[in-house]
Every structure is written in C-alpha cells, then in structure tokens.
Amino acid sequence: VALVLGNIAEVYFSQGNYRQALEYYQACLKLHTELRNRRERARMLNNIGNIYALAISHTEAVRYYNESLEVMKELGNKESIAATLNNLAAIHHGFHEYQKALEAYEESLAIKRELGNKSEIARTLSNISVVYLSLKNYSKALELATEAAGLEQENGVSDIYQEAMARAGHAHSGLGNWNAAARAYQDAIE
C-alpha cells in the first residue's frame, strides 16, 4: 500500500499538483513510520521537503529536510545524506541564508569527495559557486566553477559542464574580464 501511495504521489508531483502529492506523500510517510521503515520514511520526508521548497514554505522545507537528514545519518546512507544536504543548501540559498547554504554544500561536498563520484563533486562545486556569485565573491566563484568544469570535462561535456562554464562566465563578468567571460559563455553553449 505504501508503495502505491508513493507512486500516486510521484504522478501528482510530476503533474505539478503539489497539494495532492503532499497528501499522498504524507499518507505514505505515516505508513512507513508505522512499519518502522526508516529508509523510506527518510525518503518521504525529503519528498515532502521538496514540495514545501517549491511552494516557498521555507520553514516547512527546512524542517522536513532536517528530519530526513537525521534519519539518513542514523542509517549511514551517504549518497542520500549528500543529496538531502544539497536540497537543504538550495533552500537556504533561495532565502539568502548564504552561510547556511555554504555549510550544507560543504558538508555534502566532503561526502561526495569521499565517495569519489566526479560528476557529483562537480555539480556541488558548481552549486557552491552560485552562492559565491550571490555574495559577489567573483574570485571564489570562478575558482569553484573552473574546478567543476575541469572535473566534468574529464567525463565528457554535460549539463554540469555547461552550467559550470556559464557560472565561470558570470564570475569573469563580475571581475571585468570581458574576453574571458565571452570565452566561458561560448564554451557553455558548444
């Protein structure tokens, strides 16, 4: 039953019907809590956090992400811990809580470095560069975006590479390096 409720929630979520998705996720959460299925409970908490993040309910999103994170840490699921930290960082960044965003991204980055997934390391470095762009620390943003692009280029050009190059272009623009900015933006679209 919990699996079916979760699947129905996913359908509503993918259709943008967040109210219905939330109802089904909460019912699914209740069942997984009763069944003491901590892994699925943490996943449902994270999904509910995603809905609140989309609905611009900062407090609720942070609450659900933190609760999910707590369970994931108990279970030792490093990939899920890193993903939830990224979600938490993104919501903090969206609400201009830059220090909290950086702390969550840095914790996620440390886990991803430990796991050795270069694409995920690159994605997180690129995300951190966006926080530094928001802080107008263009030098740090450029350093991180360049590192992300370099890591991802080893895996072949991807959306992560393109995002990192676009962020490097933005950082170069902020530093007044117009030619370097143009080259970075060009690399992002090629």
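**Helix faces, salt bridges and a stacked pair**

User: Which exposed residues sit on the face of helix 10 turned away from its buried side?

Analyst: They are W178, N179, R183 and I189. This is a predicted model. Exposed here means a relative accessible area over 50%.

User: What makes residues of helix 10 count as buried, and which are they?

Analyst: The cut-off is under 20% relative accessible area. A180, A181, A184 and A188 in helix 10 are buried. Seen down the helix axis, the buried residues fall within an arc of 100 degrees, so they line one face. Part of their cover comes from helix 9, residues 159–174.

User: How does the span of helix 10 compare with the expected one?

Analyst: Helix 10 covers residues 178–189, twelve in number. From first C-alpha to last, helix 10 reaches 17 Å. At 1.5 Å a residue, 16 Å is expected, and the span is close to that.

User: Why is H172 called buried?

Analyst: The relative accessible area of H172 is 15%. Buried means under 20%, so H172 qualifies. H172 lies in helix 9.

User: What is H172 in contact with, leaving aside its neighbours within four places in sequence?

Analyst: The partners are L142, N177, A180, A181 and A184. Contact requires heavy atoms within 4.5 Å. Among the buried residues of helix 10 are A180, A181 and A184.

User: Why is the meeting of E67 and R41 called a salt bridge?

Analyst: Their side chains come to 2.7 Å, N to O. The limit is 4 Å, so the pair counts as a salt bridge. E67 belongs to helix 4 (residues 58–75) and R41 to helix 3 (residues 38–54), so the bridge ties together parts 26 residues apart in sequence. E67 itself is partly exposed, at 25% relative accessibility.

User: What makes R113 and E147 a salt bridge, and what does the pair tie together?

Analyst: The closest N and O atoms of R113 and E147 are 3.2 Å apart. R113 sits in helix 6 (residues 98–115) and E147 in helix 8 (residues 138–154), so the pair ties together parts 34 residues apart in sequence. R113 is partly exposed at 41%. E147 is partly exposed too, at 31%.

User: How far apart in helix 8 are E143 and K140?

Analyst: They are three residues apart, about one turn of the helix. Their side chains meet in a salt bridge of 3.4 Å, N to O. E143 has 44% relative accessibility and counts as partly exposed. K140, at 28%, is partly exposed as well. Elsewhere, salt bridges that share partners join R39, E40 and R43 into one network. The whole structure holds 13 salt bridges.

User: How many aromatic pairs does the structure hold, and why is Y52 with Y64 called stacked?

Analyst: There are three aromatic pairs. Y52 and Y64 lie 5.5 Å apart, centre to centre, with 15 degrees between the planes. Pairing needs centres within 6.5 Å, and stacking needs planes under 30 degrees apart, so Y52 and Y64 form a stacked pair. The pair links distant parts of the chain, with Y52 in helix 3 and Y64 in helix 4, twelve residues apart. Both tyrosines are buried.

User: What is the predictor's confidence in this chain?

Analyst: The average pLDDT is 90, and 99% of the residues score at least 70. Helix 1 (residues 2–14) has the lowest mean among the elements, 84. Helix 6 has the highest, 97.

Note on methods
Residues are numbered from 1 along each chain as its sequence is written. This is a predicted model: local features need pLDDT of at least 70, side-chain atom pairs count only at pLDDT 80 or more; totals for chains, interfaces and linings use all residues. Side-chain values use heavy atoms; hydrogens and water are left out. Helices (H or I, at least four residues) and strands (E, at least two) are DSSP runs, numbered from the N terminus. The expected span of a helix is 1.5 Å times one less than its number of residues. Buried means under 20% relative accessible area, exposed over 50%, partly exposed in between (1.4 Å probe, protein chains only). The arc is that of the directions from the helix axis to the C-beta atoms. pLDDT is the predictor's confidence in each residue, from 0 to 100. Rings of Phe, Tyr and Trp (its six-membered ring) pair if their centres lie within 6.5 Å; planes under 30 degrees apart count as stacked, over 60 as edge-to-face and the rest as tilted.
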